[in-house]
Amino acid sequence: MKKPIVSTIIASIVALICTAAICITAVWGIGEVYRQRKTASQASYLTEAQAADYLGIDEDRLVILRKNLKYLEGSYIVYSYTNDAGEEESVCMYSKDQLDKAMSKLMGDSKTNSVNFKYIEEALKQAEK
């Protein structure tokens, strides 16, 4: 017995629609996971240059805040490695959340939490010499 041609056409169309729906859902799901991972990693950690840009200051001032004045304790991690030329290099990565907390503390109403801008400018002048 032969199947009616109409039921064969309808079954083919339904199969095509279901396949397209599965493909669209899969592509959308994979894209969404990728966007979430990319956004989460970008939002969570910053390089020294990104942190300086985020705070609206230059890298030299950020380094003085971190190294000399110790204002950013707990908001960064420094790791060192030996490059291909055999030289030791250091990289500083900031946690955006912890950096926000450290800056909020500095910007508080208390006089003890003020930033010593005079020292920063003097340190930069000394570094230029």
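Among contacts in the chain (heavy atoms within 4.5 Å) between residues at least 6 apart in sequence, 50% join residues at least 24 apart. This is a predicted model, in which local features need pLDDT of at least 70 and side-chain atom pairs count only at pLDDT 80 or more, while totals for chains, interfaces and linings use all residues. Residues are numbered from 1 along each chain as its sequence is written, and side-chain values use heavy atoms, with hydrogens and water left out.

**The whole chain.** Colour by secondary structure to begin with: there are 5 helices and 3 strands, in the order α-β-α-α-β-β-α-α from the N terminus on. Helices (H or I, at least four residues) and strands (E, at least two) are DSSP runs, numbered from the N terminus. Of the 129 residues, 18% are buried, where buried means under 20% relative accessible area, exposed over 50%, and partly exposed in between (1.4 Å probe, protein chains only). The chain exposes about 10,100 Å², of which carbon and sulfur atoms supply 59%; such areas come from the Shrake-Rupley method with a 1.4 Å probe, and for residues only the protein chains shown count as cover.

**Helix 1.** Select residues 5-44, which form helix 1, and find Ile5 there. Ile5 counts as exposed because its relative accessibility is 63%. Together with Val6, Ile9, Ile10, Ile13, Val14 and Ile17, Ile5 makes a nonpolar surface patch of about 680 Å².

**The strands.** Next select residues 76-82 and 88-95, strand 2 and strand 3, which run antiparallel and are joined by 7 bridges; two strands pair if DSSP finds at least two bridges between them. Along this pairing, Val78 stands opposite Cys92, and Tyr81 stands opposite Glu89. The hairpin has 5 residues between the strands, and Gly86 takes a positive phi near 85 degrees in it.

**The core.** Tyr94 leads on to the largest nonpolar core, which has 17 residues, and Tyr94 is listed with Ala51, Leu62, Ile64, Leu72, Leu99 and Ile120 as having the most contacts inside it. Helix 2 (48-55), helix 3 (59-68), strand 3, helix 4 (96-106) and helix 5 (117-128) each supply at least two residues of this core, and helix 4 gives the most, with 4 residues. A nonpolar core is a set of buried Ala, Val, Leu, Ile, Met, Phe, Trp, Tyr and Cys residues joined through side-chain atoms within 4.5 Å. Centre on Ala51: leaving aside its neighbours within four places in sequence, Ala51 is in contact with Leu46, Leu62, Tyr94 and Leu99.

Gln50 lies in helix 2 and counts as partly exposed because its relative accessibility is 42%. Draw a distance from the C-alpha atom of Gln50 to that of Tyr94, 44 residues apart along the chain, and the separation is 9.0 Å. Finally, select the buried residues of helix 3, namely Leu62, Ile64, Leu65 and Arg66, which pack against helix 2, strand 2, strand 3 and helix 5. Helix 3 is followed by Lys70, whose phi is positive, near 55 degrees.

Technical notes. Patch = residues over 30% accessible without salt bridge, like charges linked within 9 Å, V, L, I, M, F, W, Y side chains within 5 Å. Salt bridge = Lys/Arg side-chain N within 4 Å of Asp/Glu carboxyl O.
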